[in-house]
Amino acid sequence: MKIHEYQAKEVLRRHKVSVPFGVVIEKKEEGPKAFDEVSKHSPVVVVKAQIHAGGRGKGGGVKVAKTKSDALAAIDKILGMQLITHQTGPEGKRVLKVYLEQGIDIDREFYISLLLDRSAKKAIVMASREGGMDIEEVAEKHPEKITKIEIDTGVGIQPNQAREIAYSLGLNSEAVKSAVPFFTALYDAYMKEDCSLLEINPLILTKQNQIVAGDCKMTFDDNAAYRHPENTAYHDKTEEDPLELQAAEFHLNYVKLDGNIGCMVNGAGLAMATMDIIKLAGAEPANFLDVGGGANVVTVTNGFKIILGDPNVKAIFVNIFGGIVRCDRVALGILEAAKAVNIKVPIMVRLKGTNSEEGKKILADSGLAIIVADELLDAAEKIPKLLGK
């Protein structure tokens with residue numbers, strides 16, 4: 001689960017990580033009071049759009065205000081805007097919350113993040129002197145400027161490792177005294193909150209030699225959500241695709257994509273292979289949809305509803321491997337779904353595994369205009385036909 005910057009900083013405060021003072025608002029009339037509160041901590045106030053995407057500053061979603069009138073003008077412009085960044089896509093995201101934060105007397109900016117290195121089975125800290133930049137760009141053009149340190153999660157971050165991070169950033173001895181407890185507390189937040197990502201960019205060194213989190217991107221591991229009921233309130237449904245939310249209610253694994261062929265598959269690996277087949281045939285998948293190993297009439301019907309909720313879908317490819325699930329039951333589910341859902345686009349079905357021949361016969365005898373595929377190569381060759389080409 002992704003959360004907003006202001007929420008992430010609230011979490012960091014719980015773990016004694018140094019963050020600037022800030023106030024979040026949802027209405028423009030809340031602006032004057034919020035400015036008055038923040039300006040008690042700094043004469044400069046930063047107005048930040050709150051969306052689940054990076055690059056807000058480049059898109060016009062971050063403004064520095066030195067007066068109250070400037071801050072209110074920035075709020076008026078940012079709150080409600082359709083903010084477009086390199087992570088939102090051309091459609092952008094509507095800004096429904098704005099965060100007013102105290103300005104920081106910045107000396108230098110850095111980058112730091114914590115995530116899991118699955119191959120090493122350890123947490124990894126990545127730090128760079130190139131703060132404020134896209135880390136992907138730094139990794140591509142200047143990989144030598146990124147320091148990586150593996151942390152044994154059974155032991156935790158050690159003082160010498162925290163100092164190594166600090167020295168890699170070129171901090172002086174006075175700043176190191178602030179950095180070591182900062183990095184230790186940051187690791188504590190990452191582990192105790194079951195984060196899959198914790199990123200500070202920029203990490204700020206003030207002119208007073210203090211380390212402060214200038215921004216924060218935090219993602220929680222959904223598999224550990226049951227351990228953190230206090231974090232469920234951070235879930236912002238307005239930041240998620242409505243079809244993905246609907247799929248979650250049906251316990252379906254769905255991710256919306258930009259193509260025109262809807263995919264209904266059981267198993268994540270087969271779903272990935274199915275999308276590859278579609279692209280190999282020169283088309284584009286409209287979604288990732290895994291109905292799971294227990295596909296039945298209900299899940300198949302709900303799957304069709306989700307897929308057809310995307311107006312870009314021009315055809316549907318159902319690719320089922322019958323292991324736990326029986327293909328004849330899936331075929332019956334497709335027929336029931338066709339009755340319950342008004343399907344106006346062409347459908348191709350590939351059934352393999354348990355009772356696949358029985359399933360194919362059910363589809364063949366149904367009278368529905370369904371294209372039946374045998375092997376994956378056969379399916380790839382029939383995709384142009386599916387699209388009417």
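**Exercise 1.** Which residues in α5 meet which residues in α6? Describe the packing of the two helices.

*Solution.* The model is a predicted one, in which local features need pLDDT of at least 70 and side-chain atom pairs count only at pLDDT 80 or more, while totals for chains, interfaces and linings use all residues. Residues are numbered from 1 along each chain as its sequence is written, and side-chain values use heavy atoms, with hydrogens and water left out.

Step 1: with contact taken as heavy atoms within 4.5 Å, A162, R163, I165, A166 and Y167 in α5 meet V176, A179, V180, F183 and T184 in α6. By class, this contact of α5 with α6 has 8 nonpolar, 1 polar and 1 charged residues, where Ala, Val, Leu, Ile, Met, Phe, Trp, Tyr, Cys and Pro count as nonpolar, Asp, Glu, Lys and Arg as charged, and the others, Gly among them, as polar.

Step 2: two packed helices are described by the angle between their axes and the distance between the axes. Helix α5 (residues 159-168) and helix α6 (residues 173-192) have axes 9 Å apart and pack at an angle of about 125°. That angle makes α5 oblique to α6, given that angles under 35 degrees count as roughly parallel, over 145 as roughly antiparallel, 65 to 115 as roughly perpendicular and the rest as oblique. The crossing of α5 and α6 is right-handed, a term used if the near helix is turned clockwise from the far one by less than a right angle.

**Exercise 2.** Determine how α10 is placed against α11.

*Solution.* Step 1: the axes of helix α10 (residues 327-340) and helix α11 (residues 356-364) cross at roughly 20° and come within 7 Å. α10 is therefore roughly parallel to α11, and α10 passes α11 in a right-handed crossing.

Step 2: on the α10 side the contact is made by C327, D328, A331, L332, I334 and L335, and on the α11 side by S356, E358, G359, I362 and L363. These residues of the contact of α10 with α11 divide into 7 nonpolar, 2 polar and 2 charged.

**Exercise 3.** Decide how far helix α1 is enclosed.

*Solution.* Step 1: the buried residues of α1 (buried meaning under 20% relative accessible area, with a 1.4 Å probe and protein chains only) are E5, Y6, Q7, A8, K9, V11 and L12.

Step 2: because 7 of the 10 residues of helix α1 (residues 5-14) are buried, the helix is largely enclosed by the rest of the structure. Just after α1, K16 takes a positive phi of about 65°.

Notes:
Axes fitted to C-alpha atoms, helices over the stretch in contact; angles between N-to-C directions. Helix = DSSP H or I, 4+ residues; strand = E, 2+ residues; numbered from the N terminus. Buried < 20%, exposed > 50% of the residue type's maximum accessible area, 1.4 Å probe, protein only.
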